[in-house]
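Hi everyone, thanks for making the time.

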Amino acid sequence: MTDITLAPIQPDQPSHLMATYGRQSISFVRGRGAYLYTEDGTEYLDALTGIAVCGLGHAHPVIAEAIAEQAATLVHTSNLFEIPWQTAAAQKLAEVSGMEEIFFSNSGAESNEGAIKIARKFGTQQGVRLPKIIVAEQSFHGRTLATLSATGNKKVQDGFAPLVNDFIRVPFGDVEAIQEAALQHPDIVAILIEPIQGEGGINTAPQGFSYLEEVRNICNQHNWLMMLDEIQTGNGRTGKYFAYQHTNIVPDVLTTAKGLGNGFPVGAVMTQGKAVGLLGPGSHGSTYGGTVLGSRVVYTVIDTIQKENAVENAAVVGRYIVDQLRAKLADKNVQVRGFGVMIGIQLPKDCAELVAIARDEHKLIINVTAGSVVRLLPPINMTQAQADDLLERLVTLINSYL
């Protein structure tokens, strides 16, 4: 193996990277499970896991072995040929998702782009000239032009007008608003929502997951596609393989990414029922979607999640963390919400500065979203001991802040 050592970056050294991120002044050189390490060996508890990406933790040995073995064998041939690992990965994903057809993409945004195309294709086949899609306020669906147009956050849309038209926005969880939109817009063909709004602050609908059942009924009533964005909530994050499985319904279109590759960039858009067959040869594609390497990673991640009972673990450990936080912070005027290991702590004031305080003083990696929500997205295979470690650091942090 070639030994390449990167020279330390100097403070006055110019960067050729586009300044699209306000990066924290720290870098990590290795990880193991729920922990990250800097060059000098300092250990940090990672309660963010790459923003819900490394669900099985960092450097999982089974995933690492599969990547190394496949990279040394065959990485890419293109979708012009049969790809046995892609077929096998699709079979695995179909089994855990309850969907029929799967298209592999490279990211969550690409997966949602695929869903939007499916909705428009469905509408066109129904004779709708300008198909419209209902989306929710405070949602986040990606940063491509169509997905940021669907996103319910004006900040990410600022400066990118004209946006993609024909998205109708309603308050998240408001069934009456959906029914009202149906009366006003006869050309609606689909609804695209997140079961839990991650970027929006770990928001669940006021009526809980029964909201999805109500949406399913409305979609059936109007012959719409029910499309769920499970980019963040999928792959065991909420204590079910997909969050919609907390209910008895099945969506027509389902998207996912993040934990699907445990850090490897891969996503998927899936269909069942009346959404099957809408995309055919020439109507969609991706050069890198479902490569040999990417497909083997997907297969291995799903297989490992199943063998480790990681979904069930996420439900148990997540409930423990939520219960402990509610008990330990009962006098702090905070609201703890979430399912599995997708947890938000709503503080009574904006708290963006907690990210740096947690990192520097408590060696804890967290995220603050929606201004005042501490977001926790630890590994779905987090142990009891690691959960207690997280609680000790986090409770100390919040107690000292409030």
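Before we start, one definition: two strands count as paired if DSSP finds at least two bridges between them. And please keep in mind that this is a predicted model.

Strand E5 and strand E7, residues 188–193, pair in the parallel sense over three bridges.

Now over to helix H7, residues 175–184. Val175, Ala177, Ile178, Ala181 and Ala182 are buried in this helix. They span an arc of only 160° around the axis, which puts them on the same side of H7. And what covers these buried residues? The cover includes E5, E6, E7 and helix H8, residues 210–222. On the face turned away from the buried side, H7 carries the exposed residues Glu176, Leu183 and Gln184. Have a look at the start of H7 as well: a side-chain oxygen of Asp174 reaches to within 3.2 Å of the backbone nitrogen of Glu176.

Thr233 sits in the loop between strand E8, 225–229, and strand E9, 253–256. Is Thr233 buried or exposed? Its relative accessibility is 1%, and buried means under 20%, so Thr233 counts as buried. The side chains of Thr233 and Glu230 are joined by a polar contact of 2.7 Å. Leaving out residues up to four places away in sequence, Thr233 touches Pro195, Ile196, Thr238, Tyr241, Ala243 and Met342.

Last stop, another sheet. Four strands form an open sheet with mixed pairing, in the order E1-E2-E3-E13. Its edge strands are E1, 30–32, and E13, 364–365, each of which pairs on one side only. Strand E3, residues 43–46, pairs with E13 in the parallel sense over two bridges, and Leu45 stands opposite Leu364 in E13. Helix H12, residues 384–401, packs on this sheet and touches E2, E3 and E13. The direction of H12 makes about 100° with that of E3.

That's my tour, and I'm happy to take questions.

Technical notes: Residues are numbered from 1 along each chain as its sequence is written. This is a predicted model: local features need pLDDT of at least 70, side-chain atom pairs count only at pLDDT 80 or more; totals for chains, interfaces and linings use all residues. Side-chain values use heavy atoms; hydrogens and water are left out. Buried means under 20% relative accessible area, exposed over 50%, partly exposed in between (1.4 Å probe, protein chains only). A polar contact is a pair of N or O atoms within 3.5 Å; within protein, one must be able to donate a hydrogen and the other to accept it, and residues adjacent in sequence count only if both atoms are side-chain atoms. Contact means heavy atoms within 4.5 Å. The arc is that of the directions from the helix axis to the C-beta atoms. Axes are lines fitted to C-alpha atoms, for helices over the stretch in contact, and angles run from 0 to 180 degrees between N-to-C directions.
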